[in-house]
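Please open the model in your viewer and keep the selection panel at hand.

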Amino acid sequence: MTAPPAGPPAALDAVIVGAGPNGLSAAVTLARAGLRVQVIETHAQVGGGLSSAPMTLPGFVHDFGSAIHPLAAASPAFRQWPLHAFGLDWIHPDAPVAHPLPGGRSVTLERDLHATADALGRDGPAWVRLMAPLLADWEGLLHDILRPLPRVPSHPLTLARFGVRGLPPAALLGDTLFRTPEARALWAGLAAHSCLPLSTPGTSAMTLVLALLGHAVGWPFPRGGAQALADALRAYLEYLGGTVVTGVTVRDARDLPPARVTLVDSSPAVLLGILGDRAPTHYREALQRYRYGPGIQKFDYALSGPMPWQDPRVARAATVHIGGHAADIAASEAVTQAHLHRRPYVLAAQHTLFDPGRAPAGRHTFWAYAHVPNGSDHDAQAQIEGQISRFAPGWEGLILAHTRTTATQLQAFSPVFHGGDVNGGRGDLPGLLARPVPTPTPYRTPAKGVYLCSSATPPGGGIHGMAGHHAALTAMQDEFRLKVES
């Protein structure tokens, strides 16, 4: 990078609306280039969905949004920044993922590729053949897929291998490659993170990425809560000279301080409010047609003891995929666009087995959610808790307190979670190619100096900061004529 051009002091170079992971990432990227940056956040603390709070009882720390962070640990942006010097300490459970099965069995994704293969028995060789070529150049692959799609790849051979394997529906690829119920269930549990029916083309791509990250970097989480990652990003930004203003809501451009560029880490609807009359009709209509995926309903529990899993080996992982066999998970995810399945797939996290400081001595936290129709306020507690009970009978007797967060409550917390969609938009192939509109540089808006940097832009949902990073690089090239490497 070259130094920014000399000019009159005082005014900000950039203002960022929203202090979620993408907003903070954009701010750090700009501040590292020597630009004068300010972040404006509605809430009293930074982080957005990357935040923690005592949501049940005093002394219990719960993650409001994201709980486990393989993408953050692997993020090309976060990995190059000294966040450890600002309080970030990754905790790595013994195994990245556990998947309980009916009959008191379970299967785990192990950090070691060959240990996973051993656990999968006769499907082990197929798992190695699938993962080993991608694992050999995982950093190059992530560099290419965590960017806008219409780009010349830096690692074309690895990307081609990934594309061939990632384009089929996850259900089809899993049934084709694997024969054992353990391998098929493990694959389906990973695929359900896509928030799409497993019959959707392209769902194998996210499944591959999550499995690959389990082997490459694990599925860690920040000691003390997700808030620790957000706070480390803020502290690094302030070290670089950037500022953060909390407790201020931006509704239109009049709420913003003067700056050469504005980056919006929020929903397309918030962006339209800031653009006002500067949004041409065609752009406004395109954003109003933006497609969202299902919402989630989430529960945070304070427990008097650890989860009583039928298979004690489930306690080796902080992340637990609760859904049973692959066919059960496929059936659950096929209906979330319309209603909740009677036995929903539940994504769960048990942090305090590995980070006991998050709860009083001997106590534990449990984090769980299921996909629900977008905008649904239906109380899914009976279905979610009933599904958990299949694999941890009697766990309800450990509950000291709980908090339910509905899809509409998530949207009220942040408009980026429209209807409770935690991925910021539907993640199928059309949704990735036109995110939020079909254009080679989706961060730009029709208004000069205004950019969108939220999960509604590539590469989409997940805690990686890459949408903010790429939006900031685009602004640096457009407005400050800085040479950057993407």
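A contact here means heavy atoms within 4.5 Å. By that criterion, residues 24 or more positions apart account for 75% of the contacts in the protein with a separation of 6 or more. This is a predicted model, in which local features need pLDDT of at least 70 and side-chain atom pairs count only at pLDDT 80 or more, while totals for chains, interfaces and linings use all residues. Residues are numbered from 1 along each chain as its sequence is written, and side-chain values use heavy atoms, with hydrogens and water left out.

Select the C-alpha trace, which spans about 70 × 50 × 45 Å along its principal axes. Colouring by secondary structure brings up 18 helices and 16 strands, taken as DSSP runs (H or I of at least four residues for helices, E of at least two for strands).

Next, select the buried residues, meaning those under 20% relative accessible area with a 1.4 Å probe and protein chains only; they make up 60% of the 486 residues.

Within that selection, look for nonpolar cores, defined as sets of buried Ala, Val, Leu, Ile, Met, Phe, Trp, Tyr and Cys residues joined through side-chain atoms within 4.5 Å. The largest has 106 residues, and Ile 16, Leu 30, Leu 83, Trp 127, Leu 229 and Leu 263 touch the most other members. Centre on Leu 229, whose contacts, not counting residues up to four places away in sequence, include Leu 50, Phe 78, Trp 90 and Ile 463. Apart from this core lies another, of 26 residues, among them Val 346, Ala 370, Ala 380 and Ile 384.

Key
Buried means under 20% relative accessible area, exposed over 50%, partly exposed in between (1.4 Å probe, protein chains only).
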